Amino acid sequence: MNLPNIKDARKRTDKKVDYKTVWEIKDDTLKNQKFFLKTYGCQMNVHDSEQMRAILENLGMQETDTLEDAKVIVMNTCAIRENAHDKVFGYLGRIKHLKKNHPDIIVALGGCMSQEEGVAKEILQNHPYINIVFGTHNIHELGNLILQANKDKQDIEVTSEEGCVFEGVNYKRDSKITAWVNIMYGCDKFCTYCIVPYTRGKERSRKKEEIIKEVNSLKKSGYKEVTLLGQNVNAYGHDLDEDYDFANLLESVAQTGISRIRFVTSHPWNFTDEMLNVIAKYPNIMPYIHLPLQSGSNKILRLMGRRYTKEEYLKLCQKIKDTIPNVTITTDIIVGFPNETEEDFEDTLDVVEQVKYDGAYTFIYSKREGTPASMMSDETTLEEKENRLQRLNEKINYYSKLSNEKMLNKIEKVLILGVSEKDPLKVYGYTEGMKLVNVLAPRESIGHIIDVKITDAKSFSLDGEEVKKIKQN
Ligand code: SAH
Ligand code: SF4
Ligand code: F3S
């Protein structure tokens with residue numbers, strides 16, 4: 001097997017991108033059999049699973065949520081932190097047990113873990129009940145791989161074709177209202193703590209025509225919202241020959257007239273004024289920016305390879321707030337990076353106090369094998385890191401509640417997505433600023449954008465009621 005190799009991945013000398021088209025296969029060997037698909041990780045993986053589901057259904061298979069009923073089990077894994085690994089290996093224990101009594105089951109492991117050198121080796125040595133290991137770049141081959149494993153009863157490991165962009169992909173989307181749209185793949189930033197550039201390969205953009213075609217077709221099918229996906233959307237287009245960047249793309253997508261546009265994730269580095277101006281200009285681009293900070297200390301930011309300083313980050317946030325009225329800003333923060341002192345951590349708290357984030361995802365640093373940060377010495381105890389995380393979360397929650405409270409009695413436009421989990425008499429949806437609202441409104445409002453008066457603010461959600469439009473004679 002050609003194992004993923006972290007040293008080679010870092011060199012990234014070949015910038016060439018191949019554009020290819022995928023074809024559906026016709027085979028009914030597994031028709032009416034059941035598949036079980038488990039997804040870990042970020043939006044990219046959630047969207048990749050929508051592709052896997054389409055491939056499996058195209059073979060005539062049906063999804064089950066009972067592991068024991070499945071002929072084919074597919075695990076779409078995440079590698080971002082150690083606990084993501086642990087969850088997957090925990091689940092694999094159950095599958096191993098199942099396979100003892102049902103040796104005909106086909107187990108396929110894909111996603112980011114299968115792209116890690118150490119993990120791929122470990123799976124080969126210690127988990128022989130896994131039939132297929134496939135990479136994040138080879139999802140379109142899943143159908144063939146499963147058929148092959150079923151026919152030959154042979155185990156298959158797949159090498160990665162990381163330099164390609166595949167078009168013609170089908171998705172079985174989870175929602176009929178909101179949709180993910182890949183605009184680019186991979187990451188070339190190589191932040192020193194992060195595994196993603198290795199697991200997702202080099203940065204490569206889809207052609208603008210393909211993206212616009214997809215958005216137009218989603219709009220035609222009744223979709224109300226698209227979220228443009230990339231590890232670092234500001235880098236969109238840099239690898240293309242044309243003079244066309246993310247600001248241009250955002251503008252073209254806005255001009256399709258789809259009701260709502262979001263995008264994740266933007267990097268604070270290279271966040272251009274043109275991007276800001278386009279966001280401010282088009283009402284269908286949502287006033288919501290997820291802007292990962294990671295750390296507020298210049299020393300740590302340098303060690304992380306993040307390419308901006310605390311001061312530059314704060315200036316950017318101010319500019320965002322000045323340009324986009326009612327903007328929501330959320331972030332990602334890592335505590336306990338190697339060599340982070342109490343003083344460094346206080347710099348992070350200082351940024352939180354100044355920006356007053358609407359929300360944040362916070363993490364304790366997790367060592368990823370093969371990354372530059374894994375070689376850095378780390379003196380801080382886990383107890384100290386947990387203490388920092390707790391102090392950080394208290395501050396984040398305080399500002400998040402404050403930001404929700406500011407919405408009280410306001411009228412917000414909410415895209416209703418479904419029946420509320422908390423109260424079956426209510427529906428739920430998101431404001432333009434991406435705040436979750438449980439709304440007193442009829443179920444017919446699902447799939448529509450309605451006016452909602454905010455009646456209560458909690459730490460992580462809002463309550464509201466539909467404001468009926470007054471009919472004019
Ligand atoms: N491309 C996005 C983030 C992708 S990963 C960006 O650059 O912002 C999502 C988040 O996981 C990161 O923002 C970071 O906060 C966190 N993360 C990544 N690697 C990590 C690690 N080794 N330990 C802890 N958190 C990590
Ligand atoms: Fe990871 Fe940095 Fe790339 Fe984000 S920009 S995916 S944190 S390497
Ligand atoms: Fe996403 Fe996890 Fe891979 S966060 S890119 S699924 S490592």
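Helix H9 (residues 273-281) packs against helix H11 (residues 310-323) at an angle of about 25 degrees, and their axes are 10 Å apart. Helices here are DSSP runs of H or I with at least four residues, numbered from the N terminus, while axes are lines fitted to C-alpha atoms over the stretch in contact, with angles running from 0 to 180 degrees between N-to-C directions. H9 and H11 are therefore roughly parallel to each other (angles under 35 degrees count as such). On the H9 side, Asp273, Leu276, Asn277 and Ala280 meet Lys319, Ile320 and Thr323 of H11, where contact means heavy atoms within 4.5 Å. That contact splits into 3 nonpolar, 2 polar and 2 charged residues; Ala, Val, Leu, Ile, Met, Phe, Trp, Tyr, Cys and Pro count as nonpolar, Asp, Glu, Lys and Arg as charged, and the others, Gly among them, as polar.

All of this is a predicted model: local features need pLDDT of at least 70 and side-chain atom pairs count only at pLDDT 80 or more, whereas totals for chains, interfaces and linings use all residues. Residues are numbered from 1 along each chain as its sequence is written, chains are lettered from A and ligands numbered from 1 in the order in which they are written, and side-chain values use heavy atoms, leaving out hydrogens and water.

Now for the ligands. Around ligand 3 sit Cys42, Asn45, Cys78, Ala79, Ile80, Cys112, Val196, Arg200 and Gln231, each with a heavy atom within 4 Å of it. Domain 1 (6-157) and domain 2 (178-405) both contribute to this shell, so ligand 3 lies between them; the bounds come from an automatic or database domain assignment.

The shell around ligand 2 has 7 nonpolar, 2 polar and 2 charged residues.

Conventions: Helix = DSSP H or I, 4+ residues; strand = E, 2+ residues; numbered from the N terminus. Parallel < 35°, antiparallel > 145°, perpendicular 65-115°, else oblique.
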